[in-house]
Amino acid sequence: NRVVLRDLTVRNGYQYDYADPNGQSTCCGAGANIFYGMIDNCIFENCHAVAKRSGLAARGGAIFAQIALITNCTFRSCSVSSATARADGGAIDSVNGGSNYGFTLADSVFSNCVATAESTANSCFASGGAVYNGPGGSVTHIVCTDCVATNTAGWNGYYHAAGGAVSGGSVTDSLFVNCLSYGEGGAFSANGGTISNCTFVGNRTVGPAGGGNGGAAVAKYAY
């Protein structure tokens, strides 16, 4: 059955998984964990997914979604962090994607959302300070301000962060302001997809010797 969340405010959600006895591989969705559903006109504030156990990924500080429509929502100061594995989607992680599952995000606002990786191991990577989007997912009419994808451990000759605001999929009719990636794609990063009618203001990257790739966006094979 479809889950519908509407007109809710979720504050101070926290999922901390240092040593899960069930062997769970992902710490996710401190505000909501949706397999099939709709979220409309909700506020998520100060929601955090923190993974410290070895090999444990952190995905979706506020929402971990598979088949989902998310509209008219506000996300403030949400985050993910992982000590030894991936950290995807400071506010939202749409799993591995749009084309297989069906994910749409529209008419929503993100501010001060952060994805943090804490190791220079190749498997420890931060993607999407606000949103990690599957390859076929749709993101449209969003505003992202002061969102960050970072790796606090340094560089080790390798970029360990991508998409200060959004990583993956396609984005249209959206505004990105003052977002930052410690690697590539100050606001947006993807290996494919579409960037259309978007505005980028004051976004930047930081990398080895002071420079990263794509201050506004990196979209390899994008159209």
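Modeller: A word on terms first: helices (H or I, at least four residues) and strands (E, at least two) are DSSP runs, numbered from the N terminus. This is a predicted model, in which local features need pLDDT of at least 70 and side-chain atom pairs count only at pLDDT 80 or more, while totals for chains, interfaces and linings use all residues. Residues are numbered from 1 along each chain as its sequence is written, and side-chain values use heavy atoms, with hydrogens and water left out.

Biologist: Thanks! Does Cys147 count as buried or exposed?

Modeller: Cys147 sits in the loop between strand S18 (138-145) and strand S19 (148-151). Buried means under 20% relative accessible area, exposed over 50% and partly exposed in between (1.4 Å probe, protein chains only). Cys147 has 0% relative accessibility, so this residue is buried.

Biologist: Leaving aside its neighbours within four places in sequence, what is Cys147 in contact with?

Modeller: Val114 is 33 residues from Cys147 along the chain, yet their C-alpha atoms are separated by 5.7 Å. Taking contact as heavy atoms within 4.5 Å, and leaving out neighbours within four places in sequence, the partners of Cys147 are Phe110, Ser111, Asn112, Cys113, Gly129, Ala130, Gly164, Ala165, Asn178, Cys179 and Leu180.

Biologist: How many disulfides does a search of the whole structure find?

Modeller: A disulfide here is a pair of cysteine sulfur atoms within 2.5 Å. Take Cys113, which is buried at a relative accessible area of 0%: its closest cysteine sulfur, in Cys147, is 4.7 Å away, too far for a bond. Cys147, whose nearest cysteine sulfur is that of Cys113, is in no disulfide either, and the search over the whole structure gives a total of 0.

Biologist: Let's turn to the strands. In what order do the 5 strands of the open sheet stand?

Modeller: Two strands pair if DSSP finds at least two bridges between them. The pairing in this open sheet is parallel, and its order is S4-S8-S12-S16-S20.

Biologist: Which strands stand at the edges, each with a single partner strand?

Modeller: With a single partner strand, an edge strand has one side left without a neighbour in the sheet. That describes S4 (26-28) and S20 (161-162).

Biologist: How many bridges join strand S12 to strand S16?

Modeller: Ala87 has Ala126 as its bridge partner in S16. The strands, S12 (residues 87-88) and S16 (residues 126-127), run parallel, and the number of bridges joining them is 2.

Biologist: What is the bridge partner of Ala51 in S11?

Modeller: Strand S7 (residues 48-51) is joined by 4 bridges to strand S3 (residues 14-17), running parallel, and there Ala51 is the partner of Asp17. S7 also runs parallel to strand S11 (residues 79-82), again with 4 bridges. In S11, Ala51 is partnered by Ser82.

Biologist: And the rings: how many aromatic pairs does the structure hold?

Modeller: Rings of Phe, Tyr and Trp (its six-membered ring) pair if their centres lie within 6.5 Å; planes under 30 degrees apart count as stacked, over 60 as edge-to-face and the rest as tilted. Phe44, Phe75 and Phe110 form one aromatic cluster. The number of pairs in the structure is 4.

Biologist: How far apart are the ring centres of Tyr14 and Tyr16?

Modeller: The planes of Tyr14 and Tyr16 are at 10 degrees, so the pair is stacked. Tyr14 is exposed at 54% relative accessibility, while Tyr16 is partly exposed at 43%. Their ring centres are separated by 6.2 Å.
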